[in-house]
Amino acid sequence: MFRTSDLHMISEFFLMFHKDKPVDWLLDHILWVKTCNPEKDAKHCNDQKALLKRQYKPSLFQHVGLHSSLLGKIQPLKDKAFETSKLYQAHNNPAAELSSSLTHYQQHSLERAYKGVDFFWALTPSQNDYILFKFLQPIHISGYLFRSGNIETSTDKFHNTTVEVLPRNASVRQKFLTSLPSAYKESDNGFIIVGAFASGLAEGAIEDVLQPICAIRLVFQSDADVWAILSEVCSARCACLFFHLG
């Protein structure tokens, strides 16, 4: 780790030796000059340099280019930790029973995704496939956000998929349906369609009259042509959880 006050020294060091060695080698030489004692052994030197070397995951930078500054050397380096956290992210979600008609791949289950230890990876969705979050007790959720696709497979997005909620109070639900706004439609089993995916994103508010909510459901209204990724799920009351449907 270098401070801005070190930049002048670093630039001068590069100017003096950039024709002799690659810059990343020179960075290590700078650390040697700054921290290593010629009277100590190599282990002590490496330990001192390690105190100044910080590693961040995901990585802040990715290596680009193929040809090294060393004549004739090919350098096919890629940092595997670069932006990997965008595939899923752990959050503290409310207690719920989880179910889905989709078949998950290997260990990438819906339960593991909800706990924030993995992503949900499932086979190609068909019409009427669903993902259901049934809360252990009705809760107030003022809004929702579902994002599909991710940085690695941006074309695998949800299409023609509705977001539906199940209000606890059946009488209030029926009263709401009699004066149903054009933006909402009735689904089956008491669910009300409150939104749908557009360009891979579903986001919106849930009317106060529908509170509290017993469950949230995503329903595929048609067969999918490709695998799908659901990379973000978040309600306004709870934290987000991240899925990967493949």
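A: A residue is called buried when its relative accessible area is under 20%, exposed when over 50%, and partly exposed in between, using a 1.4 Å probe and protein chains only. By that rule Y144 is buried, and F146 is buried too. This is a predicted model, in which local features need pLDDT of at least 70 and side-chain atom pairs count only at pLDDT 80 or more, while totals for chains, interfaces and linings use all residues. Residues are numbered from 1 along each chain as its sequence is written, and side-chain values use heavy atoms, with hydrogens and water left out.

Rings of Phe, Tyr and Trp (for Trp, its six-membered ring) pair if their centres lie within 6.5 Å, and a pair counts as stacked when the planes are under 30 degrees apart, as edge-to-face when over 60, and as tilted otherwise. The structure holds 6 aromatic pairs, and one of them joins Y144 to F146 in a tilted arrangement, at 6.0 Å centre to centre with 40° between the planes. The rings of F146 and F197 also form a tilted pair, because their centres are 6.4 Å apart and their planes stand at 50°. This second pair links distant parts of the chain, since F146 is in strand β3 and F197 is in the loop between β6 and β7, 51 residues apart; strands here are DSSP runs of E of at least two residues, and helices are runs of H or I of at least four, numbered from the N terminus. F146 counts as buried because its relative accessibility is 1%, and F197 is buried with a relative accessible area of 9%. Ring pairs link Y144, F146, F158, F197 and F220 into a cluster.

Leaving aside neighbours within four places in sequence, F197 is in contact with F146, S148, F158, T161, V163, A202, L218 and L230.

A nonpolar core is a set of buried Ala, Val, Leu, Ile, Met, Phe, Trp, Tyr and Cys residues joined through side-chain atoms within 4.5 Å. The largest such core has 30 residues, and those with the most contacts inside it include F146, V163, F197 and L218. Among the elements that give two or more residues to this core are β3 (143-148), β4 (161-167) and β8 (213-220). Apart from it lies another core, of 5 residues, among them L132, L166, F191 and C214.

Notes
Contact = heavy atoms within 4.5 Å.
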